[in-house]
Amino acid sequence: MTQGQAAGIAAEESGPRAQIHAERRLISGPGLLIGFVFFAASLTPSLIPRSAMIQGVLGGALFAFGYAIGIAAIALLIWLGLPQFPRRAGDRASLLAAATGLILVLAALSQAAVWQDSIRRLMDLAPLETSHPLKVAAIAGITAGILLLLGWLVMLLFKLISRQLARFIPERVAIAIGLIAAFFLLSTAIDGVLVRSAMRVVDSSYAALDALIEQGTAPPDDPLKSGSAASLVQWDELGNAGRRFVDATPAVEALQGFWQGEVLQPLRVYVGLNAAETSEERATLALRELIRVGGFDRSILVVAVPTGTGFMEEAAIATLEYLHRGDVATVAMQYSYLQSPYSLLFEPGYGANSARALLRTVYDHWTTLPGNTRPKLYLQGLSLGALSSEQSVRLHEVLGDPFQGALWSGPPFPSPIHRSATEERVPGSPPWLPLFEDGSFIRFTNQTNALDIEGARWGPMRIVYLQYATDPIVFFRTSILWRRPAWLDAPRGPDVSPQIRWYPVVTALQLVADMVVSTNTPLGHGHQYAPDDYIDAWIAVTEPEVTPEDLERLKREFGA
């Protein structure tokens, strides 16, 4: 071989074709280093305590993501034709990078249980077992292996396409088109096959669950209850969550036993998804049912919005019913039977459209009634229900005849009114407990009952947000990918670990994992809202006639 031929081969191997044929090394040192760094960072605490399973899946996914970044960076350098390390020097650098990353991971694993326990102590949970780090490492290894195998298959597809294209077009163009085509085919397969198939299974499963009439339940005999023989809504049209909500209505005897005096039977009107074809038709049916049972004759009327499955937060409604001795009517309407995350992803707008139809229908009738005899009108929603309830309101439409207020708990991060009030908070007040203007319109509270603001007076409409500093559904932002969130500044929330640190990309993905398990916490933390805190919030919003002694007894009742 001549010197010129050798030089040509060397040039070819260092050019774009090297990208198509790829390096012969099976392991990338830079990829390992970035993957290990991401995995180590994933072990640090976030808002919600993570089990070994959740932590392992999160850590394995972040390792694979970091490894892919390292591979992509090297590929980009090759594609651009930039100088590379000599083979032997590159191998030594890769070995050093991998060893450094591995040492970092071992150090982080030794602290993993300590970091998680820093959250668990604040939530009165038992410390983790000593085997926790080993379980995490094993689950992370399996997760990373599966994801890396998937990545390897994508690379094989990319190489196949690029090699064929390189016969007819310039190599760099072939590489770019091959990469785009490989990811397009992968995403098409995932979306067209895996996601849609999974959604069909999820949809049919939740539809069956929604239609399930649990053993031991039967249509109520009380004609004032939805689903009874006298009701305009059939028992099997309420849906599973609706039947539970109606069935759990506090009995008059229980209220009398608590108050030792005159009480009323609380009214709960619920219209299921299958009761009518459209949101407008269901809203009209709900209004007719509300009129039938005498809902507009009560002192308090609540337009409540359920979560994605149709679930109603029992503590939020029952506490209000007890505070007002049963003189409460609640109307709600189902818009989906999927869990809130699925509903938000695959049925965007359904909740808001349904909530708006119900509020508009009830409000229009309410405004025709004499102001001195009609009930006080309030809105309520938890989680996706809070977001949908927020979005149902058009303030310019109600300013002439405003409703009295709203209690929204655990509002998801896209909630527009909540987000605006948080961002425009009084300087110096923390985002997890903001002070908005003079506190006459919107107030925030948590486990500490911060609703009694010195010098503040309520206006004609009262809005209270109940939120916990450890609720990732409230405090997630996409900007956390690249910017440290303000809720990590001092002072931190009462149940936020002092050991939480912000890491680009990693912290945002930790919060995504936190959202998945945000209800796996004790009451009063995460996305689990406690009856005590609902009681305090409703007192601020509705001003019931209760004494401090009544309040203490009521909290004991619901605490039990």
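**Close-up views of a predicted model**

**View B. Seven strands form an open sheet with parallel pairing.** The strands of this open sheet follow the order S1-S3-S2-S4-S5-S7-S6. Strand S1 (267-271) and strand S6 (442-445) stand at the edges, and because each has a single partner strand, one side of each is left without a neighbour in the sheet. On average, and with direction ignored, neighbouring strands of this sheet are turned by 15 degrees against each other.

**View C. Strand S6 is joined to strand S7.** Strand S7 (residues 462-466) and S6 run parallel and are connected by four bridges, and Phe444 stands opposite Tyr465 in S7.

**View D. Helix H13 packs on the sheet.** Helix H13 (residues 350-366) touches strand S2 (300-305), strand S3 (328-333) and strand S4 (376-382), and the direction of H13 makes about 165 degrees with that of S2.

**View E. A nonpolar patch on the surface includes Trp152.** The patch is formed by Leu147, Leu149, Leu150, Trp152, Leu153 and Leu156, which together have about 540 Å² of accessible area. Trp152 has its place in helix H6 (residues 132-165), and it counts as partly exposed because its relative accessibility is 48%, where partly exposed covers the range between buried, under 20%, and exposed, over 50%.

Technical notes
Residues numbered from 1 in each chain as written. Predicted model: local features only at pLDDT ≥ 70, side-chain atom pairs only at ≥ 80, totals over all residues. Heavy atoms only, no water. Patch = residues over 30% accessible without salt bridge, like charges linked within 9 Å, V, L, I, M, F, W, Y side chains within 5 Å. Areas by Shrake-Rupley, 256 points an atom, 1.4 Å probe, with all protein chains shown as cover. Salt bridge = Lys/Arg side-chain N within 4 Å of Asp/Glu carboxyl O. Helix = DSSP H or I, 4+ residues; strand = E, 2+ residues; numbered from the N terminus. Buried < 20%, exposed > 50% of the residue type's maximum accessible area, 1.4 Å probe, protein only. Pairing = 2+ DSSP bridges. Axes fitted to C-alpha atoms, helices over the stretch in contact; angles between N-to-C directions. Contact = heavy atoms within 4.5 Å.
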